[in-house]
Amino acid sequence: MADKKENDRVSATVKVKDLRCDYHIEPCDSTERPRRFLEAFASILKHTNYGFVLDHFSKNSAHCGRCAVACPVYEVTGRIEDIPCRRSDLLLQVYRRHFTPSGKLRARLLGDPGLDDRKIDEMAEAFYRCTACRRCNLDCPMGLDHGLITHLGRYILSEIGVVPKALVVATREQLEGKTGNTSGIPKAAMLDTLEFLEEELEEATGKKIKFPVDVEGADFAFFVAVSDYLLEPDTLMGQAALFHATGDKWTIGSENFDGINYGLFYSDWILERVVRREIAEARRLKAKSVLIGECGHASRSAKGFITTYSDGDPLPVSNIMQYTARVIKEGRVKLDKDKIKQRVTYHDPCNLARSGWIVDEPRFILKSFVKDFVEMTPHGKANYCCGGGGGTVSLDEIHRFRMQVAGRKKAEQLKATGADIVVAPCANCKKQLGEIIQEYELDMEVKGLHDLILEAIILD
Amino acid sequence: MDNLLELARGPLFRLAFALMILGTMRQVILTIIGYLEARKKAGDKNINTGGLAIETIKWLVPFRYVKKRGLYSLTSFLFHIGLVLVPIFFAGHIRLWAGAIGITWPALPGPISDWLALLTVVSGIGLIAGRLWNSRSRALSRFQDWFFTPMIVLVFITGYLAAHPQSSPIGYREVMIVHVLGADLIMLLLPFSKLIHCILLPFSRYVNDMGWRFVSGSGEAVLADLGKEGKPV
Ligand code: SF4
């Protein structure tokens, strides 16, 4: 039934295959884009390690096409342009043509004029059709990572002004705005929220559970995707209740409480500036380590880059699920096994699971108190992206693309589990999955992992 | 005819072989130097060397990946076994290598090289057919993708016939000329084409891992180059 409805809906408008990924950009200089693109590319090659990697990709890509079977976008559209190594080749061609001796020679012989506006437009769409989920990396015999090429392609494009407006606006507020976070939440409002949540917690549990702010010398400086303060009170309360039970010292910093880092999606200097602010806040708090909430990309950008940008003595980084799994194992929290009666499944955020970093912990946690836990197929490292990865979930203008193309595989997976609750420990995934559930009329609810902990935790 | 064969087997072979060795050595050295330089620049130098090695080795075992696109993966795997083993371990070749570089090593038993060669021929034809048949593969293919597989199949067929002159429909000499010239050409092109993946494969995952190791301050340096220092977002 539902299947038929979906099909009707799609064919009534455009074919899935033809759905475009057109995002809004801010007004920018559109003259001489090829020249400016190449200038930015040259400079990036000079200061980074990308050139070395591109060189290797160019030489070794056997064009075997195995990556096609891994890509959720290609699986849905079947468009040749959506095959991962084909997409990467858009950028590799520019690299070879303009930055290698043999490519330059070849171009001279064949009279190839090189990069033009049409190719730039092609890349501009291609690199945002890709959600940078890196699933294709698992299927490359050479281990080539098309997600990295997507990242680089977006980075160069952003230097000539081709970058989704929604990402830039949020980042601008975070780095230069008054509030210093992507959602534009003033510090006072955040503190109010925490107070309100403390009252809620007291009402629900009868305990005085604190959200510690600006406590110096804590074990953990805690950062979440800032949108959690607006949208995910249960996740936050679950985390606070957990710390209340274990007694470990944690703190939220009032100067910077946003773990979101869109730089990971489109720009190295933005990535660096955001990470440096995070490091500065953790240092100001004299924290022993950095702890990131459930959010996937916030965790990966901290885990992957705090060492890089720390200039020595990096603080250790972990994700809250690692902490939670550990304290359960150590028997420091008690969870009521009869509380959660519904069927629960778990969505692996790409930024947590693809590298194999956090796969077992959430399962261990859930299985320790949820009776009816089911897996999606496939899951873990090979899980499908929610369809809103790489920052695309923030682009409302490509909602149809996200629903019908990038997220279609996920929708099928969700439906097949028959679960009542899908646990999605990531702000981006949560938004996308919520929209998928609506679009496909699934009878299911999205929750954070610690929402369930909040329901089941026994505080004495 | 005899002269051509002697040329192909003698000087041409030595030239192709020498260029192949020099060319691949150059590629390997460039990769290693590139890697060390990149590592020096990288802000995060904690590299999971062992883990990457295990990943690389796992991919050499086919059982892991035949689940998806099973037929294609299996065909490709079979194609590669003969391709790697026969040129190096076929008894006839070892004699040739001994003549050229003066060292020998144990050979594969005759019937085994025979079977491996046939497997490469059959699977090679399968791969070509697959590339032709599948419109996606066709679209993905560059000149070299069309060139090498048929070339390799040709060299393997003629090689097999040369080793079994009694079952060859054409004369030994003709067969040998095609075989040796073809092999010379492949060796010559190896360092300059996608075939280089046979040598660079062990480095591949390390290079890729390096890709995500960013250089501290690089973004700001790029902004400075582009005249946009301290640029607001
Ligand atoms: S990173 Fe994900 S979306 Fe992008 S090409 Fe690979 S599998 Fe497809």
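Hi everyone, let's start with a pair of charged residues: B:Asp44 and B:Arg213 form a salt bridge, with their closest N and O atoms 3.8 Å apart. Please keep in mind that we are looking at a predicted model.

Where do these two partners sit in chain B? B:Asp44 is in the loop between helix H1 (2–41) and helix H2 (49–58), while B:Arg213 is in the loop between helix H9 (197–211) and helix H10 (218–225). They are 169 residues apart, so this pair links distant parts of the chain. Are they buried or exposed? B:Asp44 has a relative accessible area of 11%, and because the cut-off for buried is under 20%, it counts as buried. B:Arg213 is buried too, at 10% relative accessibility.

Now let's move over to chain A. The side chains of A:Asp338 and A:Lys371 also meet in a salt bridge, at 2.5 Å from N to O.

A:Arg20 and A:Asp22 join their side chains in a salt bridge of 3.4 Å, N to O. With 45% relative accessibility, A:Asp22 counts as partly exposed.

How many salt bridges are there over all chains? A search of the whole structure finds 56.

Let's turn to charges of another kind of grouping. Which residues form a negative surface patch? They are A:Asp192, A:Glu195, A:Glu199, A:Glu200, A:Glu203 and A:Asp234. Helix H11 (residues 187–205) of chain A gives the largest share of this patch, 5 residues.

Last stop: a serine back in chain B. B:Ser113 lies in helix H5, which covers residues 110–133. At 3% relative accessibility, B:Ser113 counts as buried. What does B:Ser113 contact, leaving aside its neighbours within four places in sequence? Its contacts are B:Val86, B:Phe90 and B:Leu108.

Note on methods
Residues are numbered from 1 along each chain as its sequence is written. Chains are lettered from A and ligands numbered from 1 in the order in which they are written. This is a predicted model: local features need pLDDT of at least 70, side-chain atom pairs count only at pLDDT 80 or more; totals for chains, interfaces and linings use all residues. Side-chain values use heavy atoms; hydrogens and water are left out. Helices (H or I, at least four residues) and strands (E, at least two) are DSSP runs, numbered from the N terminus. Buried means under 20% relative accessible area, exposed over 50%, partly exposed in between (1.4 Å probe, protein chains only). Contact means heavy atoms within 4.5 Å. Patches are made of residues with over 30% relative accessible area and no salt bridge: like charges are joined within 9 Å, nonpolar side chains (Val, Leu, Ile, Met, Phe, Trp, Tyr) within 5 Å. Accessible areas come from the Shrake-Rupley method with a 1.4 Å probe; for residues, only the protein chains shown count as cover. A salt bridge is a side-chain nitrogen of Lys or Arg within 4 Å of a carboxyl oxygen of Asp or Glu. Lys and Arg count as positive and Asp and Glu as negative; His and the chain ends are not counted. The place of a charge is taken as NZ of Lys, CZ of Arg, CG of Asp or CD of Glu.
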